[in-house]
Amino acid sequence: MLREFDEMSGLDSAFVGCFPESPLDEAVARARSSLLNLQHPEGYWVFELEADCTIPSEYILMMHFMDEIDADLQAKIARFLRTKQSADGSYPLFHGGAGDISCTVKAYYALKLAGDDIDAPHMKRAREWILAQGGAAKANVFTRIMLAQFEQIPWRGVPFIPVEVMLLPKWFPFHLDKVSYWSRTCMVPLFILCTYKVTARNPHKVGVRELFTVAPEKERNYFSHVKTPLGKAVLAVERMGRLMEPLIPGFLRRKATNLARDWFIERLNGVDGLGAIFPAMVNSYEALDYLGFPKDHELRATAKEAINRLLVIKGDTAYCQPCVSPIWDTGLASLALQEADRYERDPETRAQLKNAMRWLASKQLTDEPGDWQIQRPELPGGGWAFQFGNSYYPDVDDTAVVAQAMVQARDPELAGNIERAGVWIAGMQSRNGGWGAFDADNDHYYLNHIPFADHGALLDPPTADVSARCIMFLANLVDEHPEYQAVIDRCIAYLKKDQEADGSWFGRWGTNYIYGCWSVLIGFEKAGVSRDDPSVRRAVAWLKSKQRADGSWGEDNYTYHDSSEALRGEFHTGMAFHTALALIALMAAGEANSAEVKAGVDYLIAHQKADGLWKDEHFNAPGFPKVFYLKYHGYDKFFPLWALARYRNERSLNA
């Protein structure tokens, strides 16, 4: 496949200047120019990564937990929170979604801490909505832990997670190695906070007892959500463990505490923070405080700086991102620009892409220790993280995207980076033929039934979207590495088996079935799966059936809550992001000349903004389906360019 790309690139000179001026050409040129202008001088792109109101609310809660209140920043975050409230008083997990009780409880508490009067109309609406859902006792585990720390509910209202969990042997049903990276980085400092029942300083002694339908100390249904036999059994064991906790020897507790402390300090990750994700950073910051690290200690000061680097401040409003996405943004932006410049060889574009590749090459992780090595101890490193720095946790998905961009850059200086990435990706394949995002074979599904895991996102099993991008990249290397063909074939078999009955694929890391189809069809194209393959034709038929009357595509995040076939690929409005994905997917399946693709292209051209870009209002990805959603602010900037550029190139080749 690498040879094929090179041969096609040999046509570059023949196509330079051959495109007639047209709305399509103008749209591509404007979008390319705008995207290039957004590149950082160091070579990367990074766009805002917005989550629901849980994260900014938790920032205010952290300030009061630590008694480190920045009144001006707090006012800006509170102003942001007020703008996100739904008409019914609730706070949704994504724009236009249904209210979520946990998010609404945190937002209400944060606003009250910020000084909002509980009788103000917006607070009254939020409170009435929470009470109508059964009160704050119905909130999820992480929200109830926060309420226990602020002394609003008793500790029996949260799962029993003693720090001695750190001492469990690997064969035990629960072990850190059995859960996802995001789970373990959040949990380890949380073990300390919960074991020692660390309480918030809460200097103004603000409480939210008005959010409960039953007095918190009398509530007996904190775990009413636990329904499965396994969950109930674990809950019974937890209750027994809580009763026996006084019998735990002091030396054992100290040993476990020291082990937990050393584990998360080893992974603190400098100014990028523990796991490079906000919840883990906050837990580690608060744990450092409890463990006696003074405010001016280097570790604690750096941990706080890592959190503050996630802030987005715009005038009189501010919010906090869950993490940042420079590697992902740079990889995808590069793929879009490479498509736009496939036959033109624009000097400016080529220079900025070279700068991007140079920056990405400097970020590859090779000999650094990482938790992925627990499952693959003999595998040499070669991946990339998602964030600026996250050396313990390279991301399989990012690695595949970045390495694909490097292949297409056709720069001999990147050969070593590509080779290392291929070895690492191939070695991270799970036994079922697919790939998870950060670990191999992280599929102990029974753990999603324990009381702590009411969010259902404790694991990192293989998914179709990540897996498809892995074979997209590996297919470039099979000429020199024929051993990768067996790896690719196992994945193709996995993907065909994972296809939904209606022809779509579930999208774990992007919304949702349209994203899944885009992922798999571009992977199939690179891997040489015939465009006449039944799985491809079913996916094409499904995508075409979901096109809206105006030529666009859109999909609701609600499909993660109700996956009924009738709801998949449906939304009340078109989105540039989803339209672009559908177009790229259809063209990968040989549908460039179809009426559906033409209509989608016309939609994108008609909805391009004056600045050359597009503007989607809605969230476009799950962090964790059903509980946490994201809006990648770059998706409506580089995906439409990618789609329009490919369409232009396909038209020219077929002219």
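Which residue takes a positive phi in the hairpin of strand 2 and strand 3? Glycine 315, with a phi near 60°. Let me start there.

First, the ground rules. This is a predicted model, where local features need pLDDT of at least 70, side-chain atom pairs count only at pLDDT 80 or more, and totals for chains, interfaces and linings use all residues. Residues are numbered from 1 along each chain as its sequence is written, and side-chain values use heavy atoms, with hydrogens and water left out.

Back to the hairpin. It has 2 residues between the strands. Strand 2 covers residues 311-314 and strand 3 covers residues 317-320. They run antiparallel, joined by 4 bridges. Strands here are DSSP E runs of at least two residues, helices are H or I runs of at least four, and both are numbered from the N terminus. Two strands pair if DSSP finds at least two bridges between them. Lysine 314 stands opposite threonine 317. Isoleucine 313 has alanine 318 as its bridge partner.

Next, positive phi away from glycine. Glutamate 151 has a phi of about 60° and is not a glycine. It sits in the loop between helix 8 (141-149) and helix 9. Is glutamate 151 buried or exposed? Exposed, at 56% relative accessible area. The cut-offs: buried is under 20%, exposed is over 50%, partly exposed is in between, with a 1.4 Å probe and protein chains only.

Phenylalanine 150 lies in that loop between helix 8 and helix 9 too. Phenylalanine 150 is buried, at 4%. From phenylalanine 150 to valine 198 is 48 residues in sequence, but 9.1 Å in space, C-alpha to C-alpha.

Arginine 345 is another non-glycine with positive phi, about 55°. Its loop runs between helix 14 (326-340) and helix 15 (347-362). Arginine 345 is partly exposed, at 43% relative accessibility.

One more contact across the sequence. Alanine 486 belongs to helix 19, residues 484-498. It is partly exposed, at 39%. Glycine 433 is 53 residues away in sequence and 9.9 Å away in space, C-alpha to C-alpha.

Now helix 21, residues 534-545. How far should its 12 residues span? At 1.5 Å a residue, 16 Å, and the end C-alpha atoms are 16 Å apart, so the two agree. The expected span is 1.5 Å times one less than the number of residues. Buried in helix 21 are Ser535, Val536, Ala539, Val540, Trp542 and Leu543. They cover an arc of only 165° around the axis, so they lie on the same side of helix 21. That arc is taken over the directions from the helix axis to the C-beta atoms. An α-helix has 3.6 residues a turn, so residues three or four places apart point the same way.

Last, the second largest pocket. Its volume is about 770 Å³. A pocket is an open set of points on a 1 Å grid over the protein atoms alone, with protein on both sides within 12 Å along at least five of seven lines; lining residues have an atom within 4 Å of a point. The volume is the space filled by probe spheres set on the points. Of the 27 lining residues, Val165, Leu168, Phe172, Val237 and Glu238 are the closest to the centre. Helix 9 (181-195) and helix 10 (229-244) each give two or more residues. Helix 10 gives the most, with 7. By class, the lining has 23 nonpolar, 1 polar and 3 charged residues. Nonpolar here is Ala, Val, Leu, Ile, Met, Phe, Trp, Tyr, Cys and Pro; charged is Asp, Glu, Lys and Arg; the others, Gly among them, are polar.

Conventions: On a 1 Å grid over the protein atoms alone, a cavity is a set of points where a 1.4 Å probe fits but cannot get out, and a pocket is an open set with protein on both sides within 12 Å along at least five of seven lines; lining residues have an atom within 4 Å of a point.
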